[in-house]
Amino acid sequence: MELHILEHSLKVASIEKEGIQICTHGLIKLAFLASKTRCKFFSLTETPEDYTIIVDEEGFKELPQSEHISVADATWVALNVVSGGSNTSTSQPIGVTKIAKSVIAPLADHNISVFMLSTYQTDFILVRERDLPMVMHTLSSEFTLFRVVNGETVAAHNLGVTNGFVKPKLGKMPRPIIHPLSSPSNMFCVTSLDPDTLPSVATLLMDVMFYSGGQKESGASSEDSNHIRFFSFSLIEGYISLVMDEQTTQRFPNNVLFTSASGELWKMVRIGGQPLGFDECGIVAQISEPLATADIPAYYISTFKFDHALVPEENIQSVIGALRTESAAQ
């Protein structure tokens, strides 16, 4: 398989809920008027705590300076695993559990922190730009490495840089899960839409993004305190990805969203009892490795404060059981 190092230099930031109104103009421009910017990588995820944005340097210029915005102290680079061809945007998604053992676990073993963004189309593994030489050295034995330069894919050369961590021997013990886990009651859809249809649903999307958070979702009873607010929108190199709960999906017109014929629904596992930070290594590996062992597909979305794994609805009980067993074993 091929590992593509994308050319975007990315910022990861948090916008406080009470400060979202001062950022709305820039965020709307990034989401709905992409042709008016030079931004090629933009993602916005709302959780109960805040909004997390992942955006390239051109897109970051669209946001105001504000005390309500916290920016992670690093520049990040996105990696993309490609199977069967060099066109990242049209390749079949690999899935986070498919790269758990070949990408995520080796990086954790070498003390390299990652930030995950799964989309409808693919999975992006974000690493700190300063860690990139070590990332390339760590993964060069498993992957053919490429860099994207000015839109062209060219061979990348391993610089042979290591950070001194020794890869554990085969047969190592399972990685213990050290953070609390919870599973909201919502069921979620992972979907997309044709960018050409974006103007027709722009008003609805703006309402979902910025104005619906304070309302009780229509599908949640007043007793359902386990129903959380979660919405993710990504516009990356012209491709749109949406993650939202089932009730929000029902607000969209028929035949606008790309959804599977089976109407597949996903349940969420939330990782973290308090903000996770960016320096700890192995959080994604702790979750993705047991899922990979059980051959359970998953999407994984890291946010500024917590991590989120989405698994098929029918697998949620076995997933929770398996992860809590790993947690209890530590």
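1. Packing around helix H3. The buried residues of H3 pack against strand E5 (76–82), E6, strand E7 (123–128), H4 and H7, where contact means heavy atoms within 4.5 Å, and where helices (H or I, at least four residues) and strands (E, at least two) are DSSP runs numbered from the N terminus. Of the 10 residues of H3, 9 are buried, and the helix is mostly covered; buried stands for under 20% relative accessible area, exposed for over 50%, and partly exposed for what lies in between (1.4 Å probe, protein chains only). The buried residues are Ala-100, Ser-102, Val-103, Ile-104, Ala-105, Pro-106, Leu-107, Ala-108 and Asp-109.

2. Basis of the model. This is a predicted model, in which local features need pLDDT of at least 70 and side-chain atom pairs count only at pLDDT 80 or more, while totals for chains, interfaces and linings use all residues. Residues are numbered from 1 along each chain as its sequence is written, and side-chain values use heavy atoms, with hydrogens and water left out.

3. Overall make-up. The chain has 8 helices and 17 strands, and 56% of its 330 residues count as buried. Among contacts between residues at least 6 apart in sequence, 78% join residues at least 24 apart.

4. Two nonpolar cores. A nonpolar core is taken here as a set of buried Ala, Val, Leu, Ile, Met, Phe, Trp, Tyr and Cys residues joined through side-chain atoms within 4.5 Å. The largest one has 43 residues, and those with the most contacts inside it are Leu-107, Ile-125, Ile-287 and Tyr-300. Not counting residues up to four places away in sequence, Ile-287 touches Ile-177, Leu-181, Ile-271, Tyr-300, Ala-309 and Leu-323. A second, separate core of 35 residues includes Leu-44, Phe-210, Phe-233 and Leu-257. In soluble globular proteins, nonpolar side chains tend to be buried together.

5. Helix H5 and its kink. Helix H5 (residues 198–211) has 14 residues and reaches 18 Å from its first C-alpha to its last, close to the 20 Å expected at 1.5 Å a residue, the expected span being 1.5 Å times one less than the number of residues. A kink of about 40 degrees is centred on Leu-204; the bend at a residue is the angle between axes fitted to the seven residues ending there and the seven starting there. The buried residues in H5 include Leu-198, Val-201, Ala-202, Leu-204, Leu-205, Val-208, Met-209 and Phe-210.

6. Why does Val-208 count as buried? Val-208 is buried because its relative accessible area is 1%. Leaving aside neighbours within four places in sequence, Val-208 is in contact with Glu-46, Arg-229, Phe-231, Thr-248 and Arg-251. Val-208 and Phe-231 are 23 residues apart in sequence and 8.1 Å apart in space, C-alpha to C-alpha.

7. On a 1 Å grid over the protein atoms alone, a cavity is a set of points where a 1.4 Å probe fits but cannot get out, and its lining residues have an atom within 4 Å of a point. Grid points are joined across faces, edges and corners, and a volume is the space filled by probe spheres set on the points. By this rule there are 2 cavities of 30 Å³ or more, and the largest cavity has a volume of about 160 Å³. The largest cavity is lined by 21 residues, of which Ser-113, Val-114, Gly-277, Ile-283 and Asp-307 lie nearest its centre. The elements that give two or more residues to this lining are helix H3 (100–109), strand E6 (114–118) and helix H7 (283–293), and H7 gives the most, with 3 residues.

8. Positive phi at two asparagines. Just after H3, Asn-111 takes a positive phi of about 60 degrees; Asn-111 is found in the loop between H3 and E6 and is partly exposed, with a relative accessible area of 40%. Asn-150 has a positive phi of about 50 degrees although it is not a glycine. Asn-150 lies in the loop between E8 and strand E9 (152–155) and, at 70% relative accessibility, counts as exposed. Most residues other than glycine have a negative phi, and most peptide bonds are trans.

9. Glu-142. Glu-142 lies in the loop between helix H4 (132–139) and strand E8 (144–149), and at 47% relative accessibility it counts as partly exposed. Leaving aside neighbours within four places in sequence, Glu-142 is in contact with Met-1 and Ser-102. Glu-142 and Glu-2 are 140 residues apart in sequence and 8.7 Å apart in space, C-alpha to C-alpha.

How values were computed. On a 1 Å grid over the protein atoms alone, a cavity is a set of points where a 1.4 Å probe fits but cannot get out, and a pocket is an open set with protein on both sides within 12 Å along at least five of seven lines; lining residues have an atom within 4 Å of a point.
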